[in-house]
Amino acid sequence: MNILYALRRNHVSVAEIRQVKGDFYNEYLQFRQMAKQLSDWRQSLHKRLSALIDSDSSRRIAYIYLQKMLSEEKNGLERIPKADQLDSDLLNEILQYHHFQESVHKSNLALDANFMLETERGDHTLRQIYEQNWHVQNALLTTNSPMFRSLKNPATRKKKTKLWKVMMRAFAKTAPLSTYTSLSLFDQRDDSMRLEINQCVLLKLLDLFLLIPEVMRNSNFLVDYELANEGIQTRSRYGKLQVAKLFYGNENSVYTVPKQLGDLFPCGDVLSSEQIMAAGGIWMTTEMLRKLQLLGFFKNTVQVECPEPNLRQLIGIAERYTGKSLRIEEFVNHLKSAQEICSHLEKCFDLHHKERDLCDLRHHLECCAALCDGRDQLHDFEPVAESSYFCTEQSNPGITEGLEKYLRILAEFMPVFDNRLIFQHYVKNIVEQKGKIPFAEILSTFHTLVNEYQKFAVDQTLDRSFFCSDEVSRKLMNLRKNYHQVMMNCADGTNVLLPETLVDSIIEQLRRLPINSTAFTKFLIQHDKSGYFVINDLQFSYLNFFIRHGMPSQNEQLFRLLKQKLQCDGSPVRLITYSPSYGYHPNLSMLQGEVKWRHPSGLRLDFFQHPSFFGHCTLSWDREYLRFQLEYGDQKIIPLYTGQLAPSHLSEHMTVLPYLFQNGFAQGIQVHYLSISLRDYTELGRITFGPLVLQRKRQILHSKLLENIGPEFQGYAKFHELLEHYHIPAQTFVRLFPVVDGKLQIRYGDVGLHKPIFFDAEEPVYYSHMLRHIYANMRKYGELAVVFEEAMPNPYENETVVQEHLYEIG
């Protein structure tokens with residue numbers, strides 16, 4: 001088995017963030033001790049007075065008044081009837097009690113004032129750390145420039161809370177695809193930045209450019225439609241041009257056009273604009289050609305052959321039309337200016353200059369859109385995507401023998417949690433009954449099956465669905481249930497140590513099943529000082545991470561590893577990768593587009609890019625290798641998606657491919673949040689396997705327990721009493737989940753809701769911001785589950801910065 005290794009590190013050091021730490025919490029603990037002494041003393045005096053009330057009837061009225069005075073925490077011995085008849089020792093003790101009570105009260109007032117000062121000091125310190133940390137400012141500038149500009153003067157509480165979130169993310173958040181971290185992989189020899197133009201902007205600029213009349217008049221077009229009952233059906237990504245979304249091109253608008261157009265223009269023909277005008281007659285004007293292009297009936301061959309150009313390719317496309325009009329010349333000049341800015345942005349370490357250059361870059365891109373009458377189509381956008389890399393001596397995994405042993409065992413164990421293997425086995429039974437199936441004919445059936453499968457998988461009812469109707473699927477589900485029976489012992493807060501005998505037994509039974517897991521296993525791991533290795537994430541993978549971040553020189557090595565893993569080396573089966581970006585940068589693949597197929601029109605296209613490709617394919621089941629394969633002519637093909645997006649984000653004709661040919665998501669190795677029923681308090685224990693921590697301990701509070709807690713010192717004290725009552729540590733990672741009918745819910749569109757935030761409840765500044773964060777989401781969602789995950793490892797315990805190790809095992 002191969003091991004690939006990468007290291008990720010955050011940009012805010014432990015030394016920097018420790019500057020926020022003060023002595024307030026120790027002062028609070030001293031106050032708590034004094035307050036407890038006062039409470040115990042009051043209770044002792046109360047019991048003594050109660051006994052005197054019962055035993056000394058002559059002075060009972062005095063004891064009653066004294067007891068009431070203690071309960072109301074008032075001092076007024078001179079108003080006590082018969083006070084001159086009371087025992088002097090008792091009166092002296094009550095006087096001493098009142099002096100101590102006054103000291104506690106003064107300490108409370110001092111802490112109340114100091115709490116505000118500490119909050120202000122904490123905000124000021126976070127601000128200083130931010131201003132002195134180039135990496136954090138640069139990450140914010142390139143990912144969210146409006147926030148970067150607003151934080152130049154974070155005077156409001158809302159802005160200070162935003163800055164707190166940014167700093168906690170840059171200090172302790174684990175996110176391998178984030179600009180807030182730097183990466184080291186393969187033989188990284190120096191610190192560097194990799195910067196690219198926003199891909200979504202390039203896609204929209206391409207489509208806008210192809211609508212310029214001078215461009216249309218000098219272009220060739222593919223006639224592209226499908227016959228439908230009501231006429232001719234077309235698909236076009238132009239329909240989503242004005243939609244402000246993260247992706248572009250993965251969703252097509254569907255239109256119906258008159259059948260008479262099909263009589264004039266046979267599907268699959270490639271025609272010049274002159275031929276289209278001649279065939280269309282007087283009604284085929286340039287404006288009509290533009291409308292039919294928007295509807296997808298005519299597709300510019302440039303868009304078909306190069307649907308996702310980079311900046312260099314877009315300049316090359318535009319230059320083909322130079323000399324046709326002045327605005328095309330201007331379009332090219334603006335693109336070249338953008339290219340020139342990008343060339344030195346990667347080496348720009350002056351934030352003032354970088355901000356200016358990014359504004360200039362945005363200006364040139366907006367000018368390009370305006371020249372195509374589409375300035376409003378770009379919406380608010382960040383002009384670049386940037387990744388940060390660093391050089392480290394740890395160029396090899398540095399993996400211990402013990403850790404490697406357990407990672408390999410877990411990698412072999414993982415298929416138990418892959419629902420997609422059950423889906424594939426169900427479809428395999430259909431395909432085997434029919435032999436080779438024309439892929440286009442069964443595509444709609446597969447879409448229906450995928451939708452059904454997704455519903456059962458999300459509802460966690462797959463075991464009760466028709467997909468589990470055969471013996472193999474039931475056995476796979478039973479193996480998972482055997483694991484869950486042991487895992488769910490954590491539901492009462494008990495820590496669970498998985499027996500190696502259980503895992504070995506499940507692996508042995510897995511080997512006997514006629515299923516084939518083709519993926520690498522990706523582990524994101526942090527080392528805890530206790531000796532444990534904490535798994536932050538565990539995924540099936542096809543080296544997507546290394547394909548995205550690697551250099552072209554590593555392509556051959558990566559492709560060879562993939563061919564070995566999928567058993568395509570030394571066989572007649574071709575492995576063909578695909579990864580359309582749809583404007584999403586982490587989906588850009590170094591391995592994409594190296595192989596072309598010839599469209600019936602003669603155009604050379606990327607495999608799987610156009611739906612018509614599947615009209616020339618059959619699907620069959622390979623009994624020897626236990627996998628599906630596409631047959632295209634005399635070629636046998638394994639399509640491999642190497643992007644970062646879930647299959648549901650792919651174009652409709654591509655969506656089913658990963659479900660048939662690749663492993664899916666591994667769900668079930670720890671307790672899923674959606675399966676948690678929330679009481680006032682719920683606790684889930686830690687799950688370990690050897691030295692690996694599969695699930696951190698989770699302590700969950702219902703938000704109603706926080707409703708009467710405010711952001712001032714009194715609220716701080718109540719909050720710590722709540723933590724103490726439920727034995728929740730002061731330092732944790734906090735996630736929030738809406739609660740509906742007692743069940744935790746996931747809001748996939750709210751990216752900031754479920755992300756873990758490192759929380760040090762000792763510091764007033766962190767407490768104030770976290771409470772505001774919780775209250776803001778309570779106003780938005782109502783009931784919330786506040787999940788406190790143990791800080792394992794604790795970010796404070798790192799020597800320099802938070803680091804995360806990435807291993808791909810296959």
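A close look at one loop

Modeller: Pro-793 is found in the loop between strand S28 (784–790) and strand S29 (803–809). Helices (H or I, at least four residues) and strands (E, at least two) are DSSP runs, numbered from the N terminus. The model is predicted, so local features need pLDDT of at least 70 and side-chain atom pairs count only at pLDDT 80 or more, while totals for chains, interfaces and linings use all residues. Residues are numbered from 1 along each chain as its sequence is written, and side-chain values use heavy atoms, with hydrogens and water left out.

The peptide bond that leads from Met-792 to Pro-793 is cis, with omega near 0°. Most peptide bonds are trans, and most residues other than glycine have a negative phi.

Two other loops hold residues with a positive phi. Tyr-582 lies in the loop between strand S15 (573–578) and strand S16 (596–598), and its phi is near 55°, although the residue is not glycine. Tyr-582 has a relative accessibility of 4% and therefore counts as buried; buried means under 20% relative accessible area, exposed over 50% and partly exposed in between (1.4 Å probe, protein chains only). Asp-741 is in the loop between strand S25 (731–740) and strand S26 (743–744), and its phi is likewise positive, near 55°. Asp-741, however, counts as exposed, because its relative accessibility is 76%.

Let us now turn to the protein as a whole. It has 26 helices and 29 strands, and 56% of its 810 residues count as buried. Its C-alpha trace spans about 120 × 65 × 55 Å along the principal axes.

Helix H12 (residues 286–294) has Leu-289, Leu-292 and Gln-293 buried. These residues cover an arc of only 105° around the axis, which puts them on the same side of H12; the arc is that of the directions from the helix axis to the C-beta atoms. Gly-296, which follows H12, has a positive phi, near 90°.

Finally, helix H2 (residues 24–55) and helix H3 (residues 60–71) pack at an angle of about 160°, with their axes 9 Å apart. Axes are lines fitted to C-alpha atoms, for helices over the stretch in contact, and angles run from 0 to 180 degrees between N-to-C directions. H2 and H3 are therefore roughly antiparallel. Angles over 145 degrees count as roughly antiparallel, those under 35 as roughly parallel, 65 to 115 as roughly perpendicular and the rest as oblique. Residues that meet at this contact include Leu-45 and Leu-49 in H2, and Tyr-63 and Ile-64 in H3.

Definitions and conventions
Contact means heavy atoms within 4.5 Å.
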